[in-house]
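Dear colleague,

I am sending you the sequence and the structure below for your files. My notes on what was found follow directly after them.

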Amino acid sequence: MIKEIEKLNKEAQNSISSCKNLNELQELKVTYLGKKGRITNILKTIGKLPAKQRPKIGQKANELKNKISSYINSHKKLLENTKQEKIKEEINLDITLPGDKIPAGSKHPISKITEDICEILSPLGFKTVLGPEMETEYHNFEALNIPTEHPSRDVFDTFYLGNSKNAKVLETNKTGKWLLRSQTSTVQIRIMENYSPPLKIVAPGKVYRPDTPDASHSFMFHQIEGLMVDKNVTFSQLKGTLLFLAQELFTPDIKVRFRPHFFPFTEPSVEMDISCIICQGKGCRVCSNTGWLEILGAGMVDPNVFKTVGYNHNKYTGFAFGMGVERLAMLKYGIEDIRLFTENDIRFLKQF
Ligand SMILES: [Zn+2]
């Protein structure tokens, strides 16, 4: 009996150590230690042995039971480790490496500047409004006091829609031909046609002009238009608003200056310069050594515009301003070519 137990010990040791997978190991566990297993069978026969032999055989059989249990457990650990190693090898996994970053999008610089400007003007009471990109000659020119013979109405400066036959069909007494708006000032007219003063609006959007694309020209770009109409609106309010905008958008110690200019829809009209944000006014290539950068056009709303939309120009005054968003973004972020905004180069876009 003792010999049989020792034989079983060797056999179990060999079969367990040569076992290749966890399923096989489980089968071996049943073979040796299960309810009908070989060790159990030995333990069952002990009762039939002579009383003298029972304690020794019982002790040996129990020792064997524990040994087989420990062979199985240690081989199980070995198999599990090998299995993990194999998985790691198969998928080439190094669990100590940091996780992959999920790429996040970023705001387009044009959207960013547009939102910044609308947010800066919001606490002053300016509401953001939008208007159509397909416009009428009336809203794009006539109502803005731009006469029929004005050069900007030429086909070389405006995208007219449809051939002349279509244009005639669409033409009404008041609207003239359809076109792609060449300025966001059209939104001023649409708002004033539909709302009574007082009002304060800021209108961002796309505009279109038949320019040949180069580093500083594009046939589609973005503008932001501002308009305030109320009783006793003054030029100093316009200056204060624009100074605040420049300080918030660029830097608090920025300087501004206003130069007389001409726009058909404002009188008096000005262009506003800011002190060069690249050289701080000392003079550089970007500001052509003047120390100043022109960033927008503005002025007091021309009484003719008020007359056109039916406002009482004796009772109300107002100011308007308009700026090119691409130019502001180029200055603010040091971008040298306007075409970068529309090339969809992810390396460029993810910098913002
Ligand atoms: Zn400069």
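Two strands are said to pair if DSSP finds at least two bridges between them. Helices (H or I, at least four residues) and strands (E, at least two) are DSSP runs, numbered from the N terminus. This is a predicted model, in which local features need pLDDT of at least 70 and side-chain atom pairs count only at pLDDT 80 or more, while totals for chains, interfaces and linings use all residues. Residues are numbered from 1 along each chain as its sequence is written.

β5 and β9 pair in the antiparallel sense over 8 bridges, and Asp-230 has Thr-317 of β9 as its bridge partner. Strand β8 (residues 292-301) also pairs with β9 (residues 317-324) in the antiparallel sense, over 5 bridges. Among the bridge partners here are Ala-320 for Gly-299 and Met-323 for Leu-296. Of the 8 residues of β9, 7 are buried; a residue is buried if 20 or more other C-beta atoms lie within 10 Å of its own, exposed if 12 or fewer, and partly exposed in between, with C-beta atoms placed from the backbone.

These strands belong to an open sheet of 7 strands with mixed pairing, in the order β1-β4-β5-β9-β8-β7-β6. Its edge strands, β1 (127-128) and β6, each pair on one side only. β6 (residues 256-263) is joined to β7 (residues 266-275) by a hairpin through 2 residues. The two pair in the antiparallel sense over 7 bridges, and Glu-271 of β7 is the bridge partner of Arg-259.

**Overall form**

The protein chain has 12 helices and 9 strands. Its radius of gyration, taken over C-alpha atoms, is 42 Å, well over the 20 Å that the globule rule (2.2 Å times the number of residues to the power 0.38) gives for 352 residues, so the chain is more spread out than a compact globule. Along the principal axes the C-alpha trace spans about 130 × 55 × 40 Å. Of the 352 residues, 28% count as buried.

The chain is divided into domain 1 (2-91) and domain 2 (109-349), with bounds that come from an automatic or database domain assignment. The C-alpha centres of the two domains lie 88 Å apart.

Ala-61, Leu-64, Ile-68 and Tyr-71 are buried in α4. The elements that cover these buried residues include α1 (2-17), α2 (22-33) and α3 (38-45). α4 is followed by Asn-92, whose phi is positive, near 50 degrees.

Helix α5 (residues 109-121) has 13 residues and reaches 18 Å from its first C-alpha to its last, close to the 18 Å expected. Pro-109, Ile-113, Thr-114, Ile-117 and Leu-121 are buried in α5. They cover an arc of only 135 degrees around the axis (taken from the directions from the helix axis to the C-beta atoms), which puts them on the same side of α5. The buried residues of α5 pack against β4 (199-208), β5 (220-230), α9 (235-249) and α11 (325-333).

**Individual residues**

Phe-306 is found in helix α10 (residues 303-309) and counts as buried, with 20 C-beta neighbours inside 10 Å. Leaving aside its neighbours within four places in sequence, Phe-306 is in contact (C-beta atoms, placed from the backbone, within 7 Å) with Val-301, Tyr-311, His-313 and Tyr-316.

Most residues other than glycine have a negative phi, and most peptide bonds are trans. Some exceptions deserve a mention. A cis peptide bond joins Pro-197 and Pro-198, with omega about 5 degrees; Pro-198 is in the loop between α8 (185-194) and β4. The bond from Glu-267 to Pro-268 is cis as well, with omega near -5 degrees, and Pro-268 is found in β7.

Gln-280 lies in the loop between β7 and β8 and has a positive phi, near 55 degrees. With 14 C-beta neighbours inside 10 Å, Gln-280 counts as partly exposed. Asn-289 lies in the loop between β7 and β8, with a positive phi near 60 degrees, and is exposed, with 11 other C-beta atoms within 10 Å.

With kind regards

How values were computed: Expected span 1.5 Å × (residues − 1). Contact = placed C-beta atoms within 7 Å.
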